[in-house]
Amino acid sequence: MASQQHLEKMQLRQNYRNLWHTDLITTIHRHPLYCCFALWCGPCASYMLRKRALYDDMSRYTCCAGYMPCSGRCGESKCPEFCLCTEVFLCFGNSVASTRFLLQDEFNIQTTKCDNCIIGFMFCLQQIACIFSIVAMIVGSDEIQEASQILSCLADMVYCTVCACMQTQHKVEMDKRDGKFGPQPMAVPPVQQMSRIDQPIPPAAGYPPAAYGQPYPAQGYPPAAYPPPQYPPSGYSR
């Protein structure tokens, strides 16, 4: 039942219309300092970004943002800061993904095909490295063992790099939310909008929808700015 809800959520995200303020490819050269910070201090960046995504209100916190089976069962309400620290250090990948889903569901942000390809390549490389490691243990070949070590190292490098770019992407998106790229910050959404599992339709919080032009006037009535029509007096003829 829970897996079906998560599958429906993933399908719902495909219909989102907003885009990330910056994609994964451009985060490195647009925001190199924060990208380096997220690379070398990933758990610290994940902690700060999740807290900021919750508008610094830790009473809203649930483990993995409510997207995992353990969410709400880890005593988060008693000590949310400690639980968040445990999450970002022991479940770093889940913490980054949960913050991403939280922002996507709040602001109706879709993931571009390019970003999906990068994330998919990261997962595929990890699976190939795992398969090579298993084959190397079974066969006992030194060449396969060396190839598996190279693949594992490459997979870890790609994983850390992609996670750093994702966290930089989240930071830029929250900069946009908080008004650092515009005149006014967004208001804090109600508490019930931070829990996404039980909501089949995403809330209207976040970025305002794009305007598609002015509405047309009612049919049969001229606009108010037009002068009333003038008719000749009764009985008048040319």
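Start by selecting R52: at 17% relative accessibility, R52 counts as buried (buried means under 20% relative accessible area, exposed over 50%, and partly exposed in between, with a 1.4 Å probe and protein chains only). Before you click on, note that this is a predicted model, where local features need pLDDT of at least 70, side-chain atom pairs count only at pLDDT 80 or more, and totals for chains, interfaces and linings use all residues. Residues are numbered from 1 along each chain as its sequence is written, and side-chain values use heavy atoms, with hydrogens and water left out.

**Stop 1**

Helices here are DSSP runs of H or I with at least four residues, strands are runs of E with at least two, and both are numbered from the N terminus. Is D175 buried or exposed? Like R52, D175 is buried.

D178 lies in the segment after α8, so its pairing with R52 in α4 joins parts 126 residues apart in sequence. With a relative accessible area of 25%, D178 is partly exposed.

**Stop 2: along α8**

Select residues 142-177 to show helix α8, which has 36 residues. From its first C-alpha to its last, α8 reaches 52 Å, close to the 52 Å expected at 1.5 Å a residue; that expected span is 1.5 Å times one less than the number of residues. Next, click on G179, which follows α8 and has a positive phi, near 85 degrees.

**Stop 3: residues 118-139**

An unreviewed UniProt entry places the feature "transmembrane region" at residues 118-139. UniProt positions are in the numbering used here, feature names are shortened, and annotations may be inferred rather than shown by experiment. In the model, this stretch is 100% helix and 0% strand, with its end C-alpha atoms 32 Å apart.

**Stop 4: D57 and R60**

Finish with D57 and R60, which form a salt bridge whose closest N and O atoms are 3.4 Å apart. D57 counts as partly exposed at 30% relative accessibility, whereas R60, at 13%, counts as buried. How many salt bridges does the structure hold? There are six salt bridges.

Key. A salt bridge is a side-chain nitrogen of Lys or Arg within 4 Å of a carboxyl oxygen of Asp or Glu.
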